[in-house]
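Please look at the structure as a whole before turning to any single residue. The explanation below moves from the fold to one position inside it.

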Amino acid sequence: MSRRRYHLERVNADLKTERRSRWKIRENPPVSGIEYVYSVTDNNFSQRNSWEFVVRVPGDRRESIEVRPTVVPNVRVWAGIDRRALMFERVTKGRHRGDCYCKVALADWTGERTRLIARVDEKKRLPYWFGPLRARMRSKEAIRHTRGTDSESLVIIVPADNHQEMIALFLAAKAWVLKERFHFRDSAA
């Protein structure tokens, strides 16, 4: 691992534009809402640190907010990262109702899988740069009713309008993990 020290607060996002738009997520019907385009500088790096992100906020609060890079620095390990997204859902129970959360879904630098979703019992195995976020980490079942098998998934709570933090979480879970070749767990687990 390199000697670089990553900090979420070194990520700066400046709003370039916002526009009404329609988009599709997987095979679901098209969603309409507002698309925010941000120029992002990751000051954890002195060069090759300029990104562009789109944050898609649907008009229907039951739909997911999508955070995705559209312009990526020319760094080999980040090739294809513009095809990845981090999805934020609304918290539906507890004191954080109305805020958003995302699963802690780390990129798999081995390429065997696209992501590795952390469970609550794996909180201490996360990269050090997630340390300042530990107070906002919960199990999914603590903040939203779930019918699936992901109730023990580790999630991070973010204010619904804090796009800068959503973008920083994308970089922390995807770009920095790939750059450092962070080994979270075996892909098969």
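**From the whole chain to one residue**

In this predicted model, 55% of the contacts in the protein chain between residues at least 6 apart in sequence join residues at least 24 apart. The chain contains 10 strands and two helices. The C-alpha trace spans about 40 × 40 × 30 Å along its principal axes.

The next topic is the division between interior and surface. Of the 189 residues in the protein chain, 48% are buried. The chain exposes about 10,400 Å², and carbon and sulfur atoms supply 44% of that area. As for charge, the protein chain has 39 positive and 24 negative charges, whose mean positions are 1 Å apart.

One residue may now be examined in detail. Asn 44 lies in the loop between β2 (31–42) and β3 (50–58). Is Asn 44 buried or exposed? Its relative accessible area is 5%, and because buried means under 20%, Asn 44 counts as buried. The side chain of Asn 44 reaches the backbone nitrogen of His 7 at 2.9 Å. That side chain also makes a polar contact with the side chain of Arg 10, at 3.5 Å. When residues up to four places away in sequence are not counted, Asn 44 touches Arg 4, Arg 5, Tyr 6, His 7, Arg 10, Val 11 and Trp 176.

Terms used:
Residues numbered from 1 in each chain as written. Predicted model: local features only at pLDDT ≥ 70, side-chain atom pairs only at ≥ 80, totals over all residues. Heavy atoms only, no water. Helix = DSSP H or I, 4+ residues; strand = E, 2+ residues; numbered from the N terminus. Buried < 20%, exposed > 50% of the residue type's maximum accessible area, 1.4 Å probe, protein only. Contact = heavy atoms within 4.5 Å. Areas by Shrake-Rupley, 256 points an atom, 1.4 Å probe, with all protein chains shown as cover. Lys, Arg positive; Asp, Glu negative; His and termini not counted. Charge placed at Lys NZ, Arg CZ, Asp CG, Glu CD. Polar contact = N/O pair within 3.5 Å; in protein donor to acceptor, adjacent residues only side chain to side chain.
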